[in-house]
Amino acid sequence: MSNRTFSVLGLFDSSQQLMDAIPVVKARVSGRLEAYTPYPIHGIEEALGLRKSPVGGMVFIMGLIGAISALAFELWTEGVDYPVVTAGKPLFSWEAFIPIMFEVTVLFACFTSGLGMLFLLNRLPFFRHPMLRSRSMPLITRDKFALAVESEGQVLDVDRITAALREAGAQTIEVIDQPEALGPVSPRFLLRAAVGIGMACLVTGYLTYWCMKLFPVSVPMVHMLDQPRLDPQRRDSYFKDGFGMRMPVAGTVARGHIPYTIKTEDEAAVLANPLPRTGSVLSKGRQEFTTYCSVCHGILGNGVSTLTPAYGAKPANLVADKVREYPDGRIYHVIMMGKNAMPSYAAELTGDERWAVVHYVRVLQRALNARDTDIPKEIPR
Amino acid sequence: MNLEAVTVSEEMLPPVLRTPPVLDGPVSPGSLDDQVLAPVERRPPRAWFIAFACTSTVMLMGLILMGYTVATGIGVWGNNIPVAWAFAIINFVFWIGIGHAGTLISAILLLFRARWRNAVSRFAEAMTIFAVMVAGIFPVLHVGRPWLAFWLFPYPNQRAIWPNFRSPLMWDVFAVSTYFSVSLLFWYLGLMPDFASLRDRTKSRVRKFFYAVLAVGWRGSASHWRHFERAYLIIAGIATGLVLSVHSVVSFDFAVSLVPGWHMTIFPPYFVTGAIFAGFAMVVMAMVVVRTTMNLKNIITMYHLDVMNKIILTCSCLMGYAYLMEGWTAWYSMNQYVHHTFWAYIAGTYGWAGWLTITCNIVIPQLFWVRRLRRSYPAMLFVAVAVTVGMWFERFVIIVSSLHHDFMPSAWQVYKPTLVDLGILAGSFGLFFTLVLLFARVLPVIATSEMKVVLPGGQPRRDGGSHE
């Protein structure tokens with residue numbers, strides 16, 4: 001009987017009585033002394049000879065780990081794995097990482113303190129502790145204070161301990177037995193467990209499927225995937241005329257657009273070339289001429305084209321006297337509007353580029369109609 | 001330690017220096033349990049059901065409007081460009097602020113050994129948890145596609161991208177989620193011994209099972225208490241830093257940006273003070289209701305309300321200083337944009353909100369200089385409601401008034417909330433008070449194990465000779 005005794009426990013009315021009883025019982029009996037109280041009693045650790053709680057050290061170490069891992073993670077993601085410069089800050093801008101480092105430190109420290117205390121130090125949850133079934137437990141969580149001598153494997157001398165507790169002033173004594181050993185697992189329990197696990201698998205399986213497959217394609221999750229829009233060159237019922245594109249508002253001019261109102265080549269004679277004859281303008285003109293004009297008019301502008309004769313049309317000779325006598329504006333107008341088989345090059349060349357080409361055409365005309373006087377008297381050596 | 005030898009005992013002090021009693025009338029550990037834990041086991045009174053019906057109706061309206069917002073898009077709100085933050089962020093900052101009183105009471109006052117905190121800590125902590133829960137809804141709604149809000153968290157993803165840890169909005173995610181989880185942990189640890197008491201006294205088998213699971217087999221042994229007390233104190237110490245950091249980080253959302261009126265170094269302390277201010281107003285309001293309806297007048301005494309009202313008065317004066325400092329900073333900046341924003345606070349489109357803020361937060365709480373008003377229900381309810389309104393409008397002024405006049409006058413817009421905005425704001429109050437009402441019936445509203453510590457005769461005499 002007595003070797004199945006877990007503890008002998010005496011109840012006291014106040015914390016003072018409990019504290020007074022501890023040295024009395026300690027002197028009478030050997031064995032592990034433990035007190036059960038409704039709230040923490042100051043000084044009871046020393047009286048019972050308990051060591052100081054190691055929570056502080058645990059918290060310090062885990063807090064440090066939290067701080068270092070948060071900072072390292074932030075430096076790695078922002079500086080190494082995904083290096084994107086934001087707000088002009090350097091990649092390893094550690095100052096901006098401090099707030100999150102602080103929060104993670106707090107998180108690690110607090111959860112180490114709380115959960116470490118519960119699970120590691122106090123070994124909770126523990127639902128089968130013999131104390132929880134004792135008659136004294138409801139009194140202890142209310143207003144009574146208990147002093148217990150607990151067995152650590154040895155056989156307790158119940159009578160001797162009871163006498164010591166009585167002497168120390170305990171009103172009530174309770175002897176608490178060791179709990180029954182757990183029986184073998186019954187087939188009924190195994191069946192229940194299997195059904196339970198199976199149900200859990202089914203539910204989680206379906207929930208996973210729902211989250212991954214069904215949820216993302218339901219409304220409103222798909223709202224931004226399908227966005228109505230008007231396409232250019234397409235019929236659309238949004239506007240009354242059925243066009244997706246709109247005409248510019250009457251009287252407006254697009255940015256950078258200069259209206260061109262000249263109708264005939266003769267009228268164009270009034271246009272003057274606004275560009276100076278500088279090296280950069282001429283080289284620009286040569287580049288555009290070579291790109292767009294030389295295909296038909298020839299690299300020298302003399303009408304010897306690279307086109308196949310099957311094309312039929314005969315491109316103009318730009319260095320002939322006829323074109324040499326054209327004013328600048330007329331050549332510009334032809335580039336702008338086209339002539340005979342030549343289409344307009346207004347879309348390919350900007351205004352300045354057209355004038356540069358005009359300059360370059362003048363250069364070609366001069367070069368292919370050179371006079372003897374053009375040769376310098378003194379040939380530089 | 002020989003300090004105890006020179007400690008002056010209470011009786012030797014003149015009455016004015018004695019620690020005021022934190023209890024009204026005789027309370028023993030047993031009677032405390034009966035008083036605090038019994039309501040949890042009883043059927044709630046009719047008044048509770050009426051209150052619950054009201055708050056849950058308002059909550060339901062809010063939830064429906066939130067659903068409407070999610071299904072339609074946040075175009076149903078009044079937000080515009082440049083006022084892109086508006087109600088969602090006002091409500092977020094407001095509710096996060098309400099939460100701060102709880103952590104202040106439970107953590108900072110624990111470190112200061114303020115004995116009166118034990119009676120109000122549980123309720124204030126519960127309000128913290130609920131307020132942060134309510135606050136958390138708003139940024140999630142404000143992102144527009146709440147089902148993708150988890151993108152805020154750094155997790156390895158297919159897109160191979162990481163969030164920007166240099167952004168204050170990211171700091172906010174970490175600060176608020178840490179704050180919530182640590183507050184929940186702290187609250188649960190405090191509740192655990194009470195769950196054990198409930199487990200041992202309740203007759204119903206269902207309740208017993210429920211409380212037994214929550215109490216995780218707590219048996220109150222001295223070797224457990226020593227770890228518990230140490231862990232609890234350490235969390236309180238760290239939570240002190242945390243509570244100061246959370247609203248500082250919230251203020252960084254503003255202060256780190258370049259918007260005139262936001263870009264000020266005073267923002268972190270100014271926000272923290274405002275948060276504690278609003279939080280205490282809410283706690284006082286709730287405490288007045290709780291102590292009268294739940295018959296706890298002897299535990300939550302007029303002294304408690306008096307002390308909390310003094311904290312409100314202190315915070316009010318600090319807020320006044322902060323407002324003046326804002327004006328000074330604006331003037332001293334010699335920056336026309338900051339000047340303009342500051343004038344807009346008091347003389348612009350939303351000038352009325354600025355004056356309402358100043359009246360509610362600075363002028364009305366000055367009533368608490370009078371002791372009689374600190375101890376009168378109508379006066380303290382009036383001030384508490386005024387402070388709550390004032391603090392909400394303070395965030396309105398900071399957010400809407402600063403944003404509606406951008407740098408370019410061509411971008412200026414007047415902001416007007418829609419009915420959906422107002423409905424969700426009302427719904428957030430409904431949700432908060434519904435949670436508070438549920439809490440008051442399901443969990444003990446007073447931390448009994450903490451209260452038992454400060455009851456007379458709770459601790460052994462220091463010269464008792466029980467330990468050398």
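# A predicted two-chain model, term by term

Colleague: What makes strand β3 of chain A, residues 145-150, largely enclosed by the rest of the structure?

Modeller: Five of the six residues of β3(A) are buried, so the strand is largely enclosed. A residue is buried if 20 or more other C-beta atoms lie within 10 Å of its own, exposed if 12 or fewer, and partly exposed in between, with C-beta atoms placed from the backbone. Strands are DSSP runs of E, at least two residues, and helices are runs of H or I, at least four, both numbered from the N terminus.

Colleague: What kind of model is this, and how are residues numbered?

Modeller: It is a predicted model: local features need pLDDT of at least 70, side-chain atom pairs count only at pLDDT 80 or more, and totals for chains, interfaces and linings use all residues. Residues are numbered from 1 along each chain as its sequence is written, while chains are lettered from A and ligands numbered from 1 in the order in which they are written.

Colleague: How do you know that β3(A) pairs with β1(A)?

Modeller: Two strands pair if DSSP finds at least two bridges between them. Six bridges join β1(A), residues 5-12, to β3(A), and the two run antiparallel. V8(A) has V149(A) as its bridge partner.

Colleague: How many bridges join β2(A) to β3(A)?

Modeller: Five, again with the strands antiparallel. E34(A) stands opposite A148(A), and R32(A) has E150(A) as its bridge partner.

Colleague: Where do the chains meet, and what does "contact" require?

Modeller: Two residues are in contact if their C-beta atoms, placed from the backbone, lie within 7 Å. The contact takes 69 residues from chain A and 63 residues from chain B. On the chain A side, α4(A) gives the largest share, 15 residues. That side divides into 41 nonpolar, 17 polar and eleven charged residues. Here Ala, Val, Leu, Ile, Met, Phe, Trp, Tyr, Cys and Pro count as nonpolar, Asp, Glu, Lys and Arg as charged, and the others, Gly among them, as polar.

Colleague: What makes a set of residues a nonpolar core?

Modeller: Its members are buried Ala, Val, Leu, Ile, Met, Phe, Trp, Tyr and Cys residues, joined through C-beta atoms within 7 Å. The largest core has 185 residues. L147(A), M127(B), F280(B), V283(B) and I312(B) touch the most other members. Helix α4(B), residues 86-111, gives the most to this core, with 17 residues. A second, separate core of 17 residues includes W355(A) and L349(A).

Colleague: Which residues does F280(B) touch?

Modeller: A101(B), M308(B), I311(B), I312(B) and C315(B), not counting residues up to four places away in sequence.

Colleague: Is N340(A) buried or exposed?

Modeller: N340(A) has 9 other C-beta atoms within 10 Å, so it is exposed. N340(A) has a positive phi of about 50°, although it is not a glycine. Its place is the loop between α10 and α11 of chain A.

Colleague: Is N295(B) buried or exposed?

Modeller: N295(B) is exposed, because it has 11 other C-beta atoms within 10 Å. Its phi is positive too, about 60°. N295(B) lies in the loop between α9 and α10 of chain B.

Colleague: Which residues are joined by cis peptide bonds?

Modeller: One such bond joins L124(A) and P125(A), with omega about 0°. Another joins V219(A) and P220(A), with omega about 5°. P125(A) is in the loop between α4 and α5 of chain A, and P220(A) in the loop between α7 and α8 of chain A. Most peptide bonds are trans.

Colleague: Why is chain B called as compact as a globular protein of that length?

Modeller: The radius of gyration, taken over C-alpha atoms, is set against a globule rule of 2.2 Å times the number of residues to the power 0.38. Chain B has 24 Å, close to the 23 Å that the rule gives for 468 residues, so it is as compact as a globular protein of that length. Chain B has 16 helices and zero strands. Buried residues make up 47% of its 468 residues.
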